[in-house]
Amino acid sequence: MPDIAAVKAALAGQRIETPSWGYGNSGTRFKVFAQAGVPRNPYEKLDDAARVHAFTGVAPKVSLHIPWDEVDDYAALASYAKERGLEPGAINSNTFQDDDYKLGSVCHPDPKVRRKAVEHLLRCVDIMDATGSGDLKLWFADGTNYPGQDDVVARQDRLAESLAEVYGRLGEDQRILLEYKFFEPAFYTTDVPDWGTSYAHCLKLGPKAQVVVDTGHHAPGTNIEFIVAFLLREGKLGGFDFNSRFYADDDLMVGSADPFQLFRIMHEVAKNGGLDAAANVAFMLDQCHNIEAKIPAVIRSVMNVQEATAKALLVDLDALTAAQRAGDVLAANAVLMDAYNTDVRPLLCELREEKGLNPDPVAAYAASGWQERIAAERVGGEQAGWGA
């Protein structure tokens, strides 16, 4: 049976990275519903992220997005974060919200447009230098809508050339995290549509390039935990963008659509060393809080990841291995199901109390008065959201 003290230690050491944009207004392509108290700038986003970390104790990193989080002084922004017990996480680039990128960015047929996109990525590395971030997270909306629109192989060549230039600019302790998405906004071909394409480019680039698995970026029925296990085995799993989906890229709170899938993913992570500091796997959230309150939703997502992790750590690996070697299919499955069906909430409440935290982070936030305070203070100006 798993050592509960070891399980607690692993949970206490877990770090979950929250997205700056998760605190702003976001929604579907049809409507974004504004909420009172939403941040108006990156500093206020960090203030909200600090509340999440204060009540959960496991969310000190914040992913930043360029240009949505542009400031005049990035070193000052990093200092502001540090004063609140935070640190900058991945720097997320944006090559999908400019008119020049209608036909692509780093894969565009026009070398001038590709140059513009690469210069943006290089500037993101400069921001990494200024903030102390170690991760450059790349997602490209590049693709085509119609057969014959562009040369598929030529676009891969352009992508490889652009990535190689950016890779060469990385510092010693910096890395590229390359995300993939099988469709949208391009409808015929997507230039980085799946984990295999991302893996192939990362493999060619070198050890400072790894794959990001966004749990919403897969076709229905895809076995995401297999992808995770494979990438861990190859040393190419750089991180996650955790969210949930029912139909497509829904960006719902992680664990809300299929908590069993999240458990299966975290089982492969825990079993294959993905929780070890040496693995350097970034457990990031990437979510769209449209109708729910922002900060409580982020807190709930953090808790959902914690619960899935706790269940994964409770899997009796000795019993599982014995059943697998004996070819006992039912016994092996039962080991996993026993762990999944365990109510780990008391364990996590106990762990939080041992760390001096309220056992119920959502209730603690509600009682803190922070929501009422920001609703009263953040009046005027322009609320942050997609594109701001």
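**Entry: the largest cavity**

I began with helix H9 (294-313) and helix H14 (370-377), and I noted that each supplies at least two residues of the lining of the largest cavity. The model I am reading is a predicted one. I looked up the volume of this largest cavity and found about 70 Å³. Which residues line the largest cavity? I listed Tyr-23, Gln-35, Ala-36, Gly-37, Val-38, Pro-39, Asp-48, Lys-294, Ile-295, Gln-371 and Ile-374. Sorted by class, that lining has six nonpolar, three polar and two charged residues.

**Entry: the second largest cavity**

I then asked how many cavities of 30 Å³ or more a search of the whole structure finds. The search gives two. For the second largest cavity I wrote down a volume of about 50 Å³. Its lining is made by Leu-11, Ala-12, Thr-56, Val-58, Gln-306, Leu-348, Leu-351, Arg-352, Lys-355 and Leu-357. Helix H1 and helix H12 (345-354) each supply at least two residues of this lining. I also checked which element gives the most to the lining of the second largest cavity. The element is H12, with three residues. The classes here are six nonpolar, two polar and two charged residues.

**Entry: the largest pocket**

I turned from cavities to pockets. The largest pocket holds about 1,400 Å³ of space. I saw that 49 residues line this pocket, and that Trp-139, Lys-181, Glu-184, Asp-249 and Trp-386 lie nearest its centre. Which elements give two or more residues to the lining of the largest pocket? I found strand S4 (135-138) and strand S5 (143-144). I divided the lining of the largest pocket by class and got 19 nonpolar, 16 polar and 14 charged residues.

**Entry: the second largest pocket**

The second largest pocket has a volume of about 520 Å³. I noted 29 residues in its lining, with Arg-15, Lys-61, Asn-280, Val-281 and Ala-282 the closest to the centre. Helix H1 (4-13), strand S1 (16-19), strand S3 (87-92) and strand S10 (282-285) each supply at least two residues of this lining. Which strand gives the most to the lining of the second largest pocket? I noted S3, with four residues. By class I recorded 11 nonpolar, nine polar and nine charged residues for the lining of the second largest pocket.

**Entry: strands S1, S2 and S3**

S1 and S3 had come up at the second largest pocket, and I followed them to their pairings. S1 pairs with S2 in the parallel sense, over two bridges. I looked for the bridge partner of Thr-18 in S2 and found Val-62. S2 and S3 also pair in the parallel sense, over four bridges. On this side I noted Lys-61, whose bridge partner in S3 is Glu-87.

From S2 the chain crosses through helix H3 (residues 74-83) to S3, in a β-α-β crossover that is right-handed. S1, helix H2 (residues 42-56) and S2 likewise make a right-handed β-α-β unit. Is strand S2 (residues 61-65) mostly covered or mostly open, and how many of its residues are buried? I found S2 mostly covered, with four of its five residues buried.

**Entry: helix H6**

I went on to helix H6 (residues 195-205) and listed its buried residues: Thr-197, Ser-198, Tyr-199, His-201, Cys-202 and Leu-205. An α-helix has 3.6 residues a turn, so residues three or four places apart point the same way. What covers the buried residues of H6? I noted that the cover includes helix H5 (152-169), strand S6 (175-178), strand S8 (209-214) and H7. Just after H6 I stopped at Gly-206, which takes a positive phi of about 135°.

**Entry: Ala-229 in helix H7**

H7 is part of what covers H6, and I picked one residue from this helix. Ala-229 is found in H7, which spans residues 224-234. Which residues does Ala-229 touch, not counting residues up to four places away in sequence? I wrote down Glu-268 and Asn-272. Lastly I compared Ala-229 with Gln-174. The two are 55 residues apart in sequence, and their C-alpha atoms are 23 Å apart in space.

Definitions and conventions. Residues are numbered from 1 along each chain as its sequence is written. This is a predicted model: local features need pLDDT of at least 70, side-chain atom pairs count only at pLDDT 80 or more; totals for chains, interfaces and linings use all residues. Side-chain values use heavy atoms; hydrogens and water are left out. On a 1 Å grid over the protein atoms alone, a cavity is a set of points where a 1.4 Å probe fits but cannot get out, and a pocket is an open set with protein on both sides within 12 Å along at least five of seven lines; lining residues have an atom within 4 Å of a point. Grid points are joined across faces, edges and corners, and a volume is the space filled by probe spheres set on the points. Ala, Val, Leu, Ile, Met, Phe, Trp, Tyr, Cys and Pro count as nonpolar, Asp, Glu, Lys and Arg as charged, and the others, Gly among them, as polar. Contact means heavy atoms within 4.5 Å. Buried means under 20% relative accessible area, exposed over 50%, partly exposed in between (1.4 Å probe, protein chains only). Two strands pair if DSSP finds at least two bridges between them. A crossover is right-handed if, with the strands pointing away from the viewer, the path from the first strand over the helix to the second runs clockwise.
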